[in-house]
Amino acid sequence: WEADQDLKALYAKIKKTVVKDGLKWSEGLKLVDVAFGVQKIICTAVVNQTLSMDAIIEEITEDLFADEVQSMSMTSMSLL
């Protein structure tokens, strides 16, 4: 979690790696300053009712990208 981490490349890697039926990642992302030059990714994902967003977040933060993603949070949700 360094200030010079390439978050655009990380987001592209997450989109390429975390692929599921019923999950659609947004094409774009927004980078927001947190503190001391560190930024966070703001993105959108559309999730089908058959998927658990909690399970997807856990997979990203604890399994696939534990060394690159410190935390994730869901700010809003709409089910399809």
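1. Glu62 is a residue of helix α2, which spans residues 53-64. The model is a predicted one, and in it Glu62 has a relative accessible area of 53%. Because exposed means over 50%, Glu62 counts as exposed.

2. Salt bridges come next. The count comes to 4 salt bridges. Side chains of opposite charge can pair when their charged atoms come close. One of the bridges joins the side chains of Glu68 and Lys13, at 2.9 Å from N to O. This pair links distant parts of the chain, 55 residues apart: Lys13 is in helix α1, and Glu68 is in the segment after α2.

3. Glu68 has a relative accessible area of 25%, and the value for Lys13 is 36%. The two values fall in the partly exposed class because it runs between the 20% limit for buried and the 50% limit for exposed.

4. Another salt bridge is formed by Lys15 and Glu27, whose closest N and O atoms are 3.8 Å apart. Lys15 belongs to helix α1 and Glu27 to the loop between β1 and β2 (30-35), so this bridge ties together parts that are 12 residues apart in sequence. Lys15 counts as partly exposed, at 22% relative accessibility, whereas Glu27 is exposed, with a relative accessible area of 63%.

5. Glu27 also forms a salt bridge with Lys24, with 3.3 Å between the closest N and O atoms. At 48% relative accessibility, Lys24 counts as partly exposed. What links Lys15, Lys24 and Glu27? The three residues are linked in a network of salt bridges.

6. The last topic is aromatic contacts. A pair of aromatic rings is described by the distance of the centres and the angle of the planes. The count here comes to 1 aromatic pair. Tyr11 and Trp25 form it, edge-to-face, with 6.5 Å centre to centre and 85° between the planes.

7. Where do the two rings sit in the chain? Tyr11 lies in helix α1 (residues 7-17) and Trp25 in strand β1 (residues 23-25), so the pair ties together parts that are 14 residues apart in sequence. Are Tyr11 and Trp25 buried or exposed? Both are buried.

Note on methods: Residues are numbered from 1 along each chain as its sequence is written. This is a predicted model: local features need pLDDT of at least 70, side-chain atom pairs count only at pLDDT 80 or more; totals for chains, interfaces and linings use all residues. Side-chain values use heavy atoms; hydrogens and water are left out. Helices (H or I, at least four residues) and strands (E, at least two) are DSSP runs, numbered from the N terminus. Buried means under 20% relative accessible area, exposed over 50%, partly exposed in between (1.4 Å probe, protein chains only). Rings of Phe, Tyr and Trp (its six-membered ring) pair if their centres lie within 6.5 Å; planes under 30 degrees apart count as stacked, over 60 as edge-to-face and the rest as tilted.
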